[in-house]
Amino acid sequence: MRDLSVAVFRPDDERLADAVELIDSLGATPVPDPMLSVKATDATPREDADYVVLTSKTGAELVADSGWEPGDATICAIGPKTAEAVREAGYEVDVVPTEYTSSGLVETLSDRIDGARIEVARSDHGSPVLLNGFEAAGAYVHETILYRLVRPKGSGESAERAASGELDAACFTSSLTVEHFLEAAAARGLHEEALAGLEGATVGVIGEPTRETAAGLGIDVDVVASEATFDALACETVEAAAPTYRD
């Protein structure tokens with residue numbers, strides 16, 4: 001495979017390190033450019049819920065650090081990575097949807113939550129799909145904002161590379177990473193140039209909501225991951241950017 005530069009926007013912790021390692025293992029050159037930084041709110045989930053939904057590794061770690069106890073609540077994780085983080089934080093996981101999305105979790109729970117109290121503990125940029133879907137199924141829903149997601153200072157190396165035509169692919173893991181990428185480009189006076197650079201790159205996104213956000217902001221998407229995990233997104237984006245043509 002030729003030298004293929006791939007931008008990754010994971011938070012600057014082990015998730016970014018894992019992303020860099022994966023891209024490198026695929027024979028490509030990672031361009032790590034964290035687009036999300038966590039600011040904890042110090043809020044804790046309610047303790048009287050029948051179901052508690054955790055949507056991220058960060059959320060799992062914050063509730064564990066706070067000393068929160070789930071009581072008899074059924075704990076739901078949005079996907080396997082979150083479920084692993086929840087278990088590592090010391091909690092049992094009762095429900096993981098087959099489809100690792102908000103709509104997949106709504107579908108999994110919809111026939112059992114009429115009249116139930118559901119606590120959704122997550123960031124300030126959570127999709128309304130969970131809240132609306134649970135309410136439509138007859139549940140009483142409460143949301144706790146555990147943390148806020150902001151753009152880190154200094155982000156934007158990938159935008160500069162895109163603007164100069166030196167970025168071959170990008171892996172967007174949420175609508176917010178798309179928005180922050182363009183904010184970082186604008187902060188460097190390169191908004192239009194970065195958009196133009198992405199036209200010549202392979203753009204991968206983790207799911208349909210992220211694709212819709214990208215499209216709405218003028219970014220053409222080439223790959224929507226077959227499942228909502230970074231591993232699938234990275235592998236499929238790299239493959240689309242430089243097919244390996246197996247027999």
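## Aromatic cluster

Phe-9, Phe-172 and Phe-181 are joined into a cluster by ring pairs; rings of Phe, Tyr and Trp (its six-membered ring) pair if their centres lie within 6.5 Å, with planes under 30 degrees apart counted as stacked, over 60 as edge-to-face and the rest as tilted. The model is predicted: local features need pLDDT of at least 70, side-chain atom pairs count only at pLDDT 80 or more, and totals for chains, interfaces and linings use all residues. Residues are numbered from 1 along each chain as its sequence is written, and side-chain values use heavy atoms, with hydrogens and water left out.

By the ring rule there are 4 aromatic pairs. Phe-9 and Phe-172 are stacked, at 4.7 Å centre to centre and 20° between the planes. Phe-9 lies in the loop between β1 and α1 (14-25) and Phe-172 in strand β8, so this pair ties together parts 163 residues apart in sequence. The rings of Phe-9 and Phe-181 have centres 5.9 Å apart and planes at 65°, so they are edge-to-face. Phe-181 belongs to helix α7 (residues 175-187), 172 residues from Phe-9. Phe-9 is buried (under 20% relative accessible area, with a 1.4 Å probe and protein chains only), at 0%; Phe-181 is likewise buried, at 0%.

## Sheet

An open sheet is formed by 5 parallel strands in the order β2-β1-β8-β9-β10; two strands pair if DSSP finds at least two bridges between them. β2 (29-32) and β10 (223-224) stand at the edges with a single partner strand each, so one side of each has no neighbour in the sheet. Strand β1 (residues 5-8) is joined to β2 by 4 bridges, and Ser-5 stands opposite Thr-29 in β2.

Notes:
Helices (H or I, at least four residues) and strands (E, at least two) are DSSP runs, numbered from the N terminus. Buried means under 20% relative accessible area, exposed over 50%, partly exposed in between (1.4 Å probe, protein chains only).
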